[in-house]
Amino acid sequence: MRSILTILLTGILTFALQAKEVTGLYEAQVPATVSQNQWQQLALQQVLVKVSANPAVLEQEAVKAELSNAANYLKKFEPVAGPEPLLKVTLDEQKVQQFLTTLQLPVWGSRRPAILFWLVEQGDDSRQFIQGAEHPVLQLLQQQATERALPWLLPSAAAEFSAPLSQDDVWAGNWLQIEQASLNFQADQTMILLFDRPAELAGQVRLTWQGFEQGQQVSQQILAADPVQATRQFIEQLVSSLAAQYAVRLGATATEVELQVQGVTNFVQMVQVQKLLSGMLSVQRVQVQERQADVLSLKLQLASDAQTFLNALLLDKRFQPLQDEGLDAVPSTPADSQVSADSADQLFAELEAEMAAEQQQSAAIPAVMASGPLRFRFVPQ
């Protein structure tokens, strides 16, 4: 069962499994038919957008000026086999991060939440899934996901899309049905986007997106002249919110946090925990304090604030948060949320119980941060 830990859009909680490790953040593919100076600049532009997840970074005057020095970031390049002559260019990760740091711009690490989208539009007399790779809305979502290196899942863009649920369930926000249909996609987060043209809006398009906040359904709306404009506004809101949670401003004042990890039973697991934490962009240094029984105590020096670090850590299901009372795990089914086992659909019962349990978990995390060490259980894969 997936947990609902990742915060999306000002506290919107959605179903989390484990963050996608994005590869190739510091790589670019550029046409080999242009001049050397041109493909070097194109490569730097592509990488800056992926690492910052923000195309607007290219509009900054300092970035425009730095493009003339693109060769300084070059690490290696090689031809790519295919119908068109291309070059695969790899840039220096440290130099790119240093440049963004000098501009006080945030940097996204490789661990990014994979988001699954279900899109439905209301016509004059029927509802239907927005589908087909050529649909302008799906094209925009795919283009932005590629440019920003965001692992977005768009099942309805497939050539042979067979809906695992009805458009009416999506439109009604039937989240038990939606989540059941989404399980096989192994996404971190699930969102629904609903498009219609109410008569009272004089031809404007209304985009309604839905998610969860503290176990309650939340719905917000965007009005625009057409579906593509509405989707573009939604993308900017979504990415801005995600960046505020997960992007790191390197070079900021170092923060120290104490972390206690339960379930570390041997030396191999201790090394694994250290390696996972050290690989996080928000962590500068990991220092082992002690290990008693199966509890590993660490002190972390962060390159970000504690909340940004915590947001990133919660994306990894190998680290499961514990309550502030000792080191006892939050029960998977709280007493006030028990669902009868003879429910018509046992899976729905489990999902309801999980949503309530994760609401209790997420509420406990700020108290943990305020009262002492962060406490997690390590679950090796």
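This is a predicted model: local features need pLDDT of at least 70, side-chain atom pairs count only at pLDDT 80 or more; totals for chains, interfaces and linings use all residues.

How many bridges join β17 to strand β18, and in which sense do the two strands run?

## The five-stranded sheet

Strands β17 and β18 (residues 374–378) run antiparallel and are joined by 3 bridges. Within this pairing, Pro 321 stands opposite Phe 376 in β18. Both strands belong to an open sheet of 5 strands with mixed pairing, in which the order is β15-β16-β14-β18-β17. The edges are formed by β15 (283–292) and β17 (319–321), each of which pairs on one side only. On average, and with direction ignored, neighbouring strands of this sheet are turned by 30° against each other.

Helix α8 (residues 267–278) packs on the sheet, where it touches β14 (255–262), β15, β16 (295–302), β17 and β18. The direction of α8 makes about 155° with that of β15.

In soluble globular proteins, nonpolar side chains tend to be buried together. In this model, the largest nonpolar core has 33 residues, of which Phe 117, Leu 119, Trp 152, Leu 193, Phe 195, Phe 234 and Leu 238 touch the most other members. The elements that give two or more residues to this core are β8 (115–122), α4 (136–148), β11 (189–196), β12 (205–213), β13 (216–224) and α7 (227–246), and the most is given by α7, with 8 residues.

Leu 193 can be followed in more detail: leaving aside its neighbours within four places in sequence, Leu 193 is in contact with Phe 117, Trp 118, Leu 119, Val 120, Leu 207, Thr 208, Trp 209 and Phe 234.

## The packing of α1 and α3

Helix α1 (residues 36–52) packs against helix α3 (residues 93–102) at an angle of about 70°, and their axes are 11 Å apart. Because angles of 65 to 115 degrees count as roughly perpendicular, α1 is roughly perpendicular to α3. The crossing of these two helices is right-handed, and Val 47, Leu 48 and Val 51 in α1 meet Val 96, Phe 99 and Leu 100 in α3.

## The pairings of β6

Strand β6 (residues 86–91) pairs in the antiparallel sense with strand β4 (residues 27–31) over 5 bridges, and Val 30 stands opposite Leu 87 in β6. Strand β5 (residues 74–80) also pairs with β6 in the antiparallel sense, over 6 bridges, with Glu 78 standing opposite Lys 88 in β6. A hairpin of 5 residues joins β5 to β6.

Key:
Residues are numbered from 1 along each chain as its sequence is written. Side-chain values use heavy atoms; hydrogens and water are left out. Two strands pair if DSSP finds at least two bridges between them. Helices (H or I, at least four residues) and strands (E, at least two) are DSSP runs, numbered from the N terminus. Axes are lines fitted to C-alpha atoms, for helices over the stretch in contact, and angles run from 0 to 180 degrees between N-to-C directions. Contact means heavy atoms within 4.5 Å. A nonpolar core is a set of buried Ala, Val, Leu, Ile, Met, Phe, Trp, Tyr and Cys residues joined through side-chain atoms within 4.5 Å. Buried means under 20% relative accessible area, exposed over 50%, partly exposed in between (1.4 Å probe, protein chains only). Angles under 35 degrees count as roughly parallel, over 145 as roughly antiparallel, 65 to 115 as roughly perpendicular and the rest as oblique. A crossing is left-handed if the near helix is turned anticlockwise from the far one by less than a right angle, and right-handed if clockwise.
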